[in-house]
Amino acid sequence: MTEPRSDRWHQGYRRQLTELRAGISDDPQSNPVAALAFRISRDLESGARSLADLDGLVKRLSEDAFRDRAIRLAHYLDLPRAGDDKQFRAFIRDRAKDGDLPFDQFQALWQRARIGIVFTAHPTFAISEMLSNLLAKMVESFDDPERQRWLESELAELPHRNQPTIDIAYEHRLAQATIAEWSAAYTDATRILLEETAALYPDNWRALRTELATCASWVGYDLDGRTDIQWWHSLRLRIAEKHAQLTHYRDAIQHLARANARDPATASLVPAIDLLDAAITVAEGDIRAFNTDIEHAEALAPAANRLTDGNPRRLTRRGPLLERLDAAATAAKDDVFCREIMVLRDHVANVGFGTAHIHFRINAAQLHNAIRKVLDIDDLANPSRLLATRLSELIQVSEPETVNFASLLLERATAKRQFILLSQILKHVDSDTPVRFLIAECEQPLTVLTALYFAKLFGIDDRLDISPLFETADALERGARLVDQLLETQAYRDYIHTRGKLSIQTGFSDAGRYVGQIAATLAIERLHMKLARLLQERGLTDVEVVIFNTHGESVGRGSHPASLQDRLTYVLSPTARRLYQGAGIPLKHETSFQGGDGYLLFARPRLARATLFGLLRSAYEDAAAYPEDPFYADTDHSLDFFLRLKAWHQALFHDTDYRVLLASFGTHLLFNTGSRRARRQIEINPPEGQDALHLRAIPHNAILQQLGYVAHAIGGIGTATRMERERFIETCINSPRLRSFMEMVAHIKRNGSLSAVTAYASLLDPGYWSARVHAGGEPAHNENFRQLVRLLDDDHRATAIRRAVHRLREDEFDLYTLFDAIDLDARPASDERMDTDLLHATRIAVIMHIFLLAMRIPHFSTRDDITQEDILKLILRLDMPPALELLRIAFPVASSDEGDISLTEPASYRADPHSGYQELNETLLDGMDRAYDLTRRIGIAISHHFGAHG
């Protein structure tokens, strides 16, 4: 059988790359990635290879990376053991001390959720839905060779690209499918717990009531940084989610009734079915009513009047359904039948009348805008403590206002509109299920008090958990002090006692962008620990603390690569958990699963079970079982390390050269991966004017992945430990916490290459293109090379990138010294990074091809103040869509179609259909378009190697 050409080229280029790497010892300035990129470019421009040939090579490399990603994820989840009932059953028995633990103590373990799962719409929908589904299937069946062979044939047919259209409707649909898988896994977990309880406590098990975990979503309810989600969108989604959940409950009860038809107790389920049938019919009418143009008053009125008509069949409270299920469980004599009813009953009590709990999120600035008139003050940049005291007093004396849907339509302030919407949802859709209210970029106590003021004003403070989000360096540093200042106000103390909980959110992605990923993790851990000590000092140990750690699936955004258990202890350390446990403070840890990459961990039944069972084991284990960590004993050393590391990253992120590195190609190397903008709305400058701090976390991290070096995860440690290296090494050898950090850095370093970063710089270096002229051998392209030299002559990006690389390499030298001292291997095996370097080299060659095609575009006159040079500069930033659009306007394809024009005057002349720019469009513009598409598909293959996007 003849070897496919792509395989031959793959092996040929790999051999060349190996040879080029081997030559570094004789030529330390050589760059294997840049050298191979030149060879591929020469082959492409000479005709020895075509773009289609490289497309086949990239397809082969993408499939290899895809398979490796599936295998890594299977091991990350500890399949097949983690999804196996046996391991989870053994864990339950261990917590029960095999039945020796008194039942009341055993029951107390499971009555309060200690772990929460939150599905978000972060833009990590980097691959198509079909490709994502296939990845989940390959992970699930990693140990089934026969099924893997069947899936391989499917893989061969699928392109590695993004979903063509990604909007909030698409993201919400995927989130709901993921929540359904979570729900099934949660049902399994509850069933197993009840079965084990029945075996351990045969006389008491029917009294067990459980809340093992919570599930929430903010998809469709998050307004931070976006204006495309209006109040009516969120309301429609919540009504639709209610209908879906009511239907799920009804279908589950009907299934139970059919499965136990011969049991006389089955008749006791009929009242629950009737109740749900009526509620489903009402919900269907509500959906129809609100699927109109309700943003207009004339359409809103009939829909609003229907939803607010007080129809008792609408079912807004859980009580009636829970009463019927309790009665059915009591009537059931068969133990298995009773347990199935109890499983469903606990699900209703936990989840309520939506598919999951919901998180609303707005920005602190939106709250400040809403409260200015109330406080009669314009400047809230630095509010005084007197102002907070004044607002606290207003909260205490304020009386709830009544609102209706006209209030929503007429209110202009975004923050107040969200509170009014929540009031309507809690009155008319689901009155029992609490809602989380997240405040992004929260740095002042007044911001939280503002949210509390409006919550009380609109009568929902008893069912709303207000949560500040700490993600900036200042917010993380001052977070505990902010909470302390809140606790000094009577209004806030009354509020948390009423709710019985205090909620905060931390942002690993943004914090990592601001101060580096390791420093961010340490800052967040310090906040966790300060909060525990603060509450203990204030005697508030009876208030549950909810810590929502928001992080992604990649190393650069707070996920540890070793395993799910390492991930959980990374974002909430055993030492922090021990502080809460020792103080007797109830703690609930919530963790995010963000966008397409996060949903993957719940995308199939086996994956959902493995993930949920792993989360439960981590949340319910005894924190005291972890040994004391020496990293926390030497507080001076650990603090110095944190401060040095933080300072290094803050200097890097404000560095002009680093900004240029990020902005040189920016997000143009990436497909669109979500419905949210890559840059914050206030940023209107072109990419070169962007500070690295202003780019959103996910595209910021994705750009670093695509350039080959995740600086905010790898960098700074070498420099931060230089002054006390021996002390750091000694601590690291004995500290599980510090060792975990270094293992994570070593993992990401194995996939990182500063040679790749420098190779991208060569694209923008006029000296490189001049050297290709000087080298000879490509005379047909010399004029194009020289034109690139002229265009790039005053472009300083290449120089800036090389300076940034020099800074990173200096730090890397010290990092390697550390790795050697603690016996961690961060250098990839001989071929471990071969394919990623080959992908980088291929993409650089394809970008060169785009540049060279652009140099062949004929001169044209200025149009609408846009010159040809302007368009070429867009291309040199890889900002291809607008560049190609402008070029197609400048060089239109002729048309012989006379259209619908109807004239009485005859004409014998007909325009020549070939007089347009058909050939130019096909050879140059379409060629650039195809090449640009290939560069972004290479990006997906690179993200497979990192295991996540961004």
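Guide: This is a predicted model. Helix α7 covers residues 145-157, which makes 13 residues, and spans 19 Å from its first C-alpha to its last, close to the 18 Å expected at 1.5 Å a residue.

Visitor: Which residues are buried in α7?
Guide: Q148, L151 and L155 are buried there.

Visitor: And what covers the buried residues of α7?
Guide: The cover includes α3 (51-76) and α6 (129-140).

Visitor: Let us turn to strands. What about the faces of β2?
Guide: Strand β2, residues 214-217, is covered on both faces. T214 and A216 lie on one side, C215 and S217 on the other, and all are buried. In general, the side chains of a regular strand alternate between the two faces of the sheet.

Visitor: Why does C215 count as buried?
Guide: Its relative accessibility is 3%, and buried means under 20%, so C215 qualifies.

Visitor: How does β2 pair with β1, parallel or antiparallel?
Guide: Strand β1 (residues 115-120) and β2 run parallel, joined by four bridges. Within this pair, F119 stands opposite S217 of β2.

Visitor: What about β2 and β3?
Guide: Strand β3, residues 357-363, pairs with β2 over two bridges, again in the parallel sense. The bridge partner of A216 in β3 is H357.

Visitor: Back to cysteines. How many disulfides does the structure hold?
Guide: It holds zero disulfides. Another cysteine, C338, has a relative accessible area of 1% and is therefore buried.

Visitor: New topic: what volume has the largest pocket?
Guide: Its volume is about 790 Å³. The lining has 27 residues, and I24, P32, S753, S755 and R809 lie nearest the centre of the pocket. The elements giving two or more residues to this lining are α2 (32-46), α34 (754-762) and α37 (797-821).

Visitor: Which of them gives the largest share of the lining?
Guide: Helix α37 does, with seven residues.

Visitor: And how many cavities of 30 Å³ or more are there?
Guide: A search of the whole structure finds eleven. The largest cavity holds about 190 Å³ of space.

Visitor: What lines the largest cavity?
Guide: There are 16 lining residues, and those nearest its centre are H122, R361, E471, S509 and D510. β6 (501-507), α21 (508-515) and α29 (697-707) each supply at least two residues of that lining.

Definitions and conventions
Residues numbered from 1 in each chain as written. Predicted model: local features only at pLDDT ≥ 70, side-chain atom pairs only at ≥ 80, totals over all residues. Heavy atoms only, no water. Expected span 1.5 Å × (residues − 1). Buried < 20%, exposed > 50% of the residue type's maximum accessible area, 1.4 Å probe, protein only. Contact = heavy atoms within 4.5 Å. Pairing = 2+ DSSP bridges. Disulfide = S-S within 2.5 Å. 1 Å grid on protein atoms, 1.4 Å probe; cavity = no way out; pocket = protein on both sides within 12 Å on 5 of 7 lines; lining within 4 Å. Points joined across faces, edges and corners; volume = space filled by probe spheres on them.
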